[in-house]
Amino acid sequence: MPPLVVVAVHHAGSGGGWTHRACASCLARERLIPLAFHPLRHDGTRLPYPEIVPGELVATLAPLGESPVLAAPIGRLLAAVARTRDRTLDADQRHAAHDEARAAVARLREAARQGSGTVGETR
């Protein structure tokens, strides 16, 4: 059985709640970000990669699961995408935010290359 990655948690008031895990193919198909990389203020529900991340990159990231090389790039990506949705920005700031998001995808792509080499070496 392939390794499973935690993608969501639900805390129940009257019990232990539940943990949702996914395999690499499910991570890719559903575009899920592992829970370890969710923003601290996120509520623990499933969080998909933003649409700016191409499907082929999501498929490359999925086998890496919770690889530490992905932590910073995913954090930057989520922050940049959140900034693109900030309605208080003027047109120039919004354009800069979209540039940041595209740059974050490029950094994520580079991290995926680094992580793929690491995963291949550990097998």
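**Tour from the inside out**

(Nonpolar means Ala, Val, Leu, Ile, Met, Phe, Trp, Tyr, Cys or Pro; charged means Asp, Glu, Lys or Arg; the others, Gly among them, are polar.) You're looking at a predicted model, where local features need pLDDT of at least 70 and side-chain atom pairs count only at pLDDT 80 or more, while totals for chains, interfaces and linings use all residues. Residues are numbered from 1 along each chain as its sequence is written, and side-chain values use heavy atoms, without hydrogens and water.

**Stop 1: the cavity**

Select L27, A28, L32, P34, F37, Y49, V58, L61, A62, G65, L70 and I74 to show the lining of the largest cavity. Its volume is about 50 Å³, and a search of the whole structure finds one cavity of 30 Å³ or more. (On a 1 Å grid over the protein atoms alone, a 1.4 Å probe fits in a cavity but cannot get out; a pocket is open, with protein on both sides within 12 Å along at least five of seven lines; lining residues have an atom within 4 Å of a point. Points join across faces, edges and corners, and volume is the space filled by probe spheres on them.) Helix 1 (24-30) and helix 2 each bring at least two residues to this lining.

**Stop 2: the whole chain**

Now zoom out and colour by secondary structure. The protein chain has four helices and two strands, in the order β-β-α-α-α-α from the N terminus on. (Both are DSSP runs numbered from the N terminus: H or I over at least four residues for helices, E over at least two for strands.) Its C-alpha atoms fill a box of roughly 50 × 45 × 20 Å along the principal axes. Of the 123 residues, 35% count as buried (under 20% relative accessible area with a 1.4 Å probe, protein chains only; exposed is over 50%, partly exposed in between). Among contacts with a separation of 6 or more, 57% join residues 24 or more positions apart (contact: heavy atoms within 4.5 Å).

**Stop 3: the nonpolar cores**

Next, select Y49, L61, L70, I74, L77 and L108, which have the most contacts inside the largest nonpolar core, a set of 21 residues. (A core joins buried Ala, Val, Leu, Ile, Met, Phe, Trp, Tyr and Cys residues through side-chain atoms within 4.5 Å.) Helix 2 (55-61), helix 3 (71-84) and helix 4 (91-122) are the elements giving two or more residues to this core, and helix 4 has the largest share, with six. Centre on L61: leaving aside residues up to four places away in sequence, L61 touches Y49, L70, L108 and A112. Apart from this core lies another, of eight residues, including V5, A22, L32 and A62.

**Stop 4: the pockets**

Select P39, L47, P48, Y49, P50, E51, L78, V81, A82 and R85 to see what lines the largest pocket. The space there is about 190 Å³, and the lining holds eight nonpolar, no polar and two charged residues. For the second largest pocket, pick P3, V5, P63, L64 and G65, which lie nearest its centre among ten lining residues. That pocket has a volume of about 170 Å³, with eight nonpolar, one polar and one charged residue in its lining.

**Last stop: R31**

Finally, click on R31 in the loop between helix 1 and helix 2. R31 is not a glycine, yet has a positive phi of about 60°. Is R31 buried or exposed? R31 counts as buried because its relative accessibility is 18%.
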